[in-house]
Each structure stands twice: as C-alpha cells, then as structure tokens.
Amino acid sequence: TEHEDIRAILGDKINIKTAGNLAPLQKENSFTQRIKQPGTLHLVNIARIAPEKNLLQALQILGLVKTNVSFDFYGPVYDTAYWEQCKEVIKALPPNIKVNYRESVESSKVMEVLRSNHFLFMPTTGENFGHIILQAMLASCPVIISDLTPWKQLQSKKCGWDVPLQNMQEFINVIERANAMAQAEYDEWAKSAFDHANGYINNTETLKKNKALFSA
C-alpha cells in the first residue's frame with residue numbers, strides 16, 4: 001500500500017495520515033438495467049494502452065474463451081511497441097471473439113459507455129485505487145479485474161470478480177460464467193455493483209479522513 005511504501009522510505013519517526021480516495025461527483029446516479037441473455041456478453045475496457053493496464057493479457061485470455069464475446073476497448077496509445085503486440089493477438093483471435101478498438105472517449109461519455117456494456121474487463125497489473133472500477137460499478141456494470149487493486153472479494157458481494165493475474169484459466173472460467181448469465185441473475189449482480197459503489201461514495205468516514213489530512 002502507499003502507507004507501507006512511505007513507511008519503508010521514511011521510517012517510523014513520522015506520522016502518516018491516510019484516507020480513501022474521494023469519488024467524482026455524479027450528475028446522475030441511478031441503477032441502470034440493460035438486456036442480458038445467456039450466450040451473449042459485452043465487455044468493455046477504458047484505459048490507456050500501456051503494459052501496466054495489461055490489455056495484451058486481456059486479449060490473450062479472450063483468445064482462449066469458447067463462448068461468444070464482444071470486447072470494446074477505449075484509450076490512447078501510450079506505448080506503440082506494446083500496441084503492435086496487441087494488434088498481432090487481435091489478428092489471431094477466433095471468430096467467436098469480436099474486438100473493437102474505439103480509441104479515446106470523452107470523460108463526459110464514460111458513464112454512457114459503461115452503461116451500454118455488461119462487464120468492465122481490466123486485468124490490470126496494479127491500481128492504487130482504480131477510478132474506472134468505481135465508475136463501472138456506479139454505472140451498474142459489474143467488473144472482471146485482477147486482484148491487484150483495492151477492490152477485493154467482489155464475487156462474494158456479487159459485484160464481479162477479482163482474479164489473480166497468473167490464473168488464466170480462472171479468468172476464462174469467469175468470462176464463460178458471465179456469458180451464461182440470464183437476465184434475473186445479471187440484474188442481481190448489476191444492482192449489487194451499483195449498491196456497493198454507492199456505499200463507498202456515501203461513506204462519511206472517508207470524507208472525514210480526507211478533511212483530517214488538511215487539519216493541523
């Protein structure tokens with residue numbers, strides 16, 4: 001954690017205050033239902049195209065999935081050599097996997113994009129917070145992410161899954177499980193994701209801790 005990193009560098013003689021990230025204000029904040037039939041799955045990723053966001057592994061995982069999946073991803077190219085690797089994997093994907101690179105999306109359109117997909121799919125190599133993860137859940141869009149973010153035990157909360165990066169088969173199983181979801185089950189998970197995110201942004205303790213950072 002950031003607390004541990006600071007302590008490792010500066011030692012035990014300083015007082016460290018920590019607080020959870022504050023979420024951006026939402027003009028519109030309500031549960032959004034979308035159609036989900038068994039055998040269909042629309043995944044989305046909104047992140048810069050760079051190794052730390054791990055688009056390459058996301059594509060490699062999809063290449064091993066047997067069910068039909070549509071994957072739209074958005075974001076500027078930060079690493080052209082890495083993007084070339086990704087494009088080679090895209091060329092070799094089986095016909096059941098439909099991939100679309102949508103380039104960048106305006107910040108004002110992010111929630112709209114998230115609301116039009118079933119799951120955020122981002123096996124990131126690490127996030128201190130992961131604002132797009134919170135935004136996805138606020139958009140009633142459960143998430144399929146790595147276990148290298150603060151968002152943990154998502155399956156037990158029916159908000160999605162946080163999977164170890166090295167466990168490719170578990171990612172495949174999760175995607176095929178999500179693909180098989182029918183409307184009623186998907187609605188339950190989407191509502192749980194929405195409720196969990198709202199619980200976070202309405203946590204008064206987080207606000208108090210942030211205010212305390214600036215107090216004497």
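Contact is taken here as heavy atoms within 4.5 Å. The model is a predicted one, in which local features need pLDDT of at least 70 and side-chain atom pairs count only at pLDDT 80 or more, while totals for chains, interfaces and linings use all residues. Residues are numbered from 1 along each chain as its sequence is written, and side-chain values use heavy atoms, with hydrogens and water left out.

Helices (H or I, at least four residues) and strands (E, at least two) are DSSP runs numbered from the N terminus. Met168 is found in helix H7. With neighbours within four places in sequence left aside, Met168 is in contact with Gln57, Gln60, Ile61 and Leu64. The C-alpha atoms of Met168 and Ile61 are 6.5 Å apart in space, and the two residues are 107 apart in sequence. Relative accessible area is classed as buried under 20%, exposed over 50% and partly exposed in between (1.4 Å probe, protein chains only). Met168, at 25% relative accessibility, counts as partly exposed.

A nonpolar core is a set of buried Ala, Val, Leu, Ile, Met, Phe, Trp, Tyr and Cys residues joined through side-chain atoms within 4.5 Å. The largest such core has 34 residues, and those with the most contacts inside it are Leu43, Leu55, Phe119, Phe121, Ile144, Trp161 and Ile175. At least two residues of this core are supplied by each of helix H2 (55-62), strand S2 (69-74), helix H3 (80-91), strand S4 (119-122), strand S6 (160-163), helix H7 (168-180) and helix H8 (183-201). The largest share, six residues, comes from H2. For Phe121, contacts beyond four places in sequence are made with Leu43, Val44, Asn45, Ala58, Ile61, Leu62, Phe71, Ile144, Phe171 and Ile175. A second, separate core of 27 residues includes Tyr74, Ala136, Leu138 and Leu154.

Axes are lines fitted to C-alpha atoms, for helices over the stretch in contact, with angles from 0 to 180 degrees between N-to-C directions. The axes of H2 and H3 are 9 Å apart and the helices pack at an angle of about 10°. H2 is therefore roughly parallel to H3, a class that covers angles under 35 degrees, against over 145 for roughly antiparallel, 65 to 115 for roughly perpendicular and oblique for the rest. On the H2 side the contact is made by Leu55, Leu56, Leu59 and Gln60, and on the H3 side by Tyr82, Trp83, Gln85, Cys86, Val89 and Ile90. These residues divide into eight nonpolar, two polar and no charged (Ala, Val, Leu, Ile, Met, Phe, Trp, Tyr, Cys and Pro are nonpolar, Asp, Glu, Lys and Arg charged, and the others, Gly among them, polar).

Rings of Phe, Tyr and Trp (its six-membered ring) pair if their centres lie within 6.5 Å; planes under 30 degrees apart are stacked, over 60 edge-to-face and the rest tilted. By this rule there are 13 aromatic pairs. Phe73 and Trp83 form an edge-to-face pair, because their ring centres are 5.9 Å apart and their planes are at 70°. Phe73 lies in strand S2 and Trp83 in helix H3, so the pair ties together parts ten residues apart in sequence. Both Phe73 and Trp83 are buried. Ring pairs link Phe71, Phe73, Trp83, Tyr101, Phe121 and Phe171 into a cluster.

Positive phi values in residues other than glycine include that of Asn54, near 70°, and that of Gln153, near 50°. Asn54 lies in the loop between strand S1 (42-46) and H2, and is buried with a relative accessible area of 9%. Gln153 lies in the loop between strand S5 (143-146) and helix H6 (154-157), and is exposed with a relative accessible area of 58%.
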